[in-house]
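Biologist: I would like to learn how to read a protein model step by step. Could we take one feature at a time, with the general idea before the particular case?

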Amino acid sequence: MNLLITGGAGFIGSNFIRTILAKYPEDSVMNLDLLTYAGNLENLKEIENNSRYKFVKGDITDRSLVDSLMKDTGAVVHFAAETHVDRSVLDSGNFVRSNILGTYTLLESARQHGGKRFHHVSTDEVFGVVEGKPFDENTPYNPRSPYSASKAASDHLVRAYFHTFNLPITISNCANNYGPYCFPEKLIPLAITNLIEGKKVPVYGDGLQVRDWLHVIDHCSAIDTILRKGKIGETYCVGVRKQLPNIEIVRLILKALGKDESFIEFVKDRPGHDRHYAIDPSRVERELGWKSAIAFEEGIAQTVKWYVENAEWWRKVKSGEYREYYERQYGHR
Ligand code: NAD
Ligand code: TYD
């Protein structure tokens, strides 16, 4: 398959590209990424010279660029988005532009190029806050941050293109991811890297908000399964039933790094902070046979180890130095 991957220089997209190139010797990947603050080509350093991989710097809202890539595409896997809730609280403009207009641009192009297979990567945050049982494919949408509202709008557009134009789509709504190459603004990498630097971990509010965590490699295998075996028009909820309050996650990381609780700093809560996300992944397990491969305890230990061993990667990210990499690597081409 010739895949057009959007947002492949980010956390999950870069892990997905590595997964695909390793698993399918016949597949090739075109990675379209704007390299916003969250896009980092160093995430893909070891495959940048692979003949089955090509990078294009560009914006998913740029219709003529998207059209030029869509022509040779077998399927689109759409990751590109603004993704950090706190940033959407500060300024939601880019969320509306990239997440809604960007998704619309890709859908229109996919439709005009013969109806390309389109997998849309989305989040459990579109469902709002758990009331009673975990979210599943029938949970009504109730987004409450500008981030989740923009993702919800994109999900609705994707579904509308299936119903109205028969575009062969699937959607996945996934729980919180952790693992290598996660930008150190999200809770887990922020906590690990702050502690290595001898800084405290900021915990919002009472720290009792619950998230459902899965390893990024499990998410990638779920997307791959849905792309190849999913029923067209369907949505699949992805998670591994691992709900934990934030404070517990932070305590696990403190323990792994041999730090005590004096490194916790309770700070003012996030406005509109969702108290509880949780996913019921029964459909993707039952209908597509997908199974998680990484237990949480093992995954979090591996992740702490990865950040300890890859301090050069995140120190460059935290200092902003990673942004020079593009110029060095591609500036003269
Ligand atoms: P990320 O922020 O690490 O990466 C996003 C990537 O998209 C970056 O490389 C960025 O440069 C690129 N991008 C942003 N706007 C663009 C534009 N206009 N044109 C082209 N590229 C653009 O995000 P992530 O954590 O890897 O998330 C990927 C997808 O998975 C997102 O759609 C997100 O909503 C979804 N998701 C994330 C999580 C999570 O826990 N991280 C959980 C569920 C779903
Ligand atoms: P985050 O990683 O931003 O993911 P999301 O908000 O998309 O779930 O945050 C995970 C949880 O951790 C969320 O409840 C907010 C909380 N949090 C903190 O307590 N301190 C922090 O510094 C950050 C970034 C998040």
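Predicted model: local features only at pLDDT ≥ 70, side-chain atom pairs only at ≥ 80, totals over all residues.

Biologist: Where is R241 placed, and what is the value of its phi?

Modeller: The general idea is that most residues other than glycine have a negative phi. R241, which sits in the loop between β10 and β11 (243–245), has instead a positive phi near 55°, although this residue is not a glycine.

Biologist: And what about L35, is this residue buried or exposed?

Modeller: L35 belongs to the loop between β2 and β3, and its phi is also positive, about 55°, in a residue that is not a glycine. L35 counts as buried because its relative accessibility is 12%, and the cut-off for that word is under 20%.

Biologist: How should I read the sheet, and in what order do its strands lie?

Modeller: In general, the strands of a sheet pair through backbone hydrogen bonds, either parallel or antiparallel. Here 7 strands form an open sheet with parallel pairing, and their order is β3-β2-β1-β4-β5-β6-β10. The strands at the edges, each pairing on one side only, are β3 (53–57) and β10 (235–238), while the twist from one strand to the next averages 20°.

Biologist: How many bridges join β5 to β6, and how many join β4 to β5?

Modeller: Strand β5 (residues 117–123) and strand β6 (residues 169–174) run parallel and are joined by 6 bridges, whereas β4 and β5, which also run parallel, are joined by 4 bridges. You can follow this at H120, which stands opposite I171 in β6 and is also the bridge partner of H78.

Biologist: Which residues of β5 lie on each side of the strand?

Modeller: In a regular strand, the side chains alternate between the two faces of the sheet. In β5, R117, H119, V121 and T123 lie on one side, with F118, H120 and S122 on the other, and all of these are buried, so that both faces are covered. Counted along the strand, 7 of the 7 residues of β5 are buried.

Biologist: Which strands does helix α1 lie across?

Modeller: Helix α1 (residues 11–23) lies across β1 (2–6), β2 (28–33), β3 and β4 (75–78), and runs at about 170° to β2. Helix α2 (residues 63–70) also packs on the sheet, where it touches β1, β2, β3 and β4, and its direction makes an angle of about 175° with that of β2.

Biologist: How many residues of helix α6 are buried, and what covers them?

Modeller: Helix α6 (residues 187–196) is mostly covered, with 8 of its 10 residues buried, among them I188, L190 and I192. The covering elements include β7 (176–178), β8 (201–204), β9 (210–215), α8 (246–256), α10 and α11. Just after α6 comes G198, whose phi is positive, about 80°.

Biologist: Which residues line the second largest pocket?

Modeller: The general idea is that rolling a probe the size of a water molecule over the atoms shows where empty space is left. The second largest pocket holds about 150 Å³ of space, and its lining consists of E42, K45, E46, Y181, W306, E309, N310, E312, W313 and K316. By type, these residues divide into 3 nonpolar, 1 polar and 6 charged. Both α10 (296–309) and α11 (311–319) supply at least two residues of the lining, and the largest share, 3 residues, comes from α11.

Biologist: To finish with loops, what does T83 touch, and what is S145 in contact with?

Modeller: T83, in the loop between β4 and α3 (85–90), counts as partly exposed because its relative accessibility is 29%. Not counting residues up to four places away in sequence, T83 touches F95, Y147 and K186. S145, in the loop between β5 and α5 (146–165), is buried, with a relative accessible area of 10%, and, leaving aside neighbours within four places in sequence, is in contact with V85 and S88.

Notes:
Residues numbered from 1 in each chain as written. Chains lettered and ligands numbered in written order. Heavy atoms only, no water. Pairing = 2+ DSSP bridges. Axes fitted to C-alpha atoms, helices over the stretch in contact; angles between N-to-C directions. Contact = heavy atoms within 4.5 Å. 1 Å grid on protein atoms, 1.4 Å probe; cavity = no way out; pocket = protein on both sides within 12 Å on 5 of 7 lines; lining within 4 Å. Points joined across faces, edges and corners; volume = space filled by probe spheres on them. Nonpolar A, V, L, I, M, F, W, Y, C, P; charged D, E, K, R; others polar. Buried < 20%, exposed > 50% of the residue type's maximum accessible area, 1.4 Å probe, protein only.
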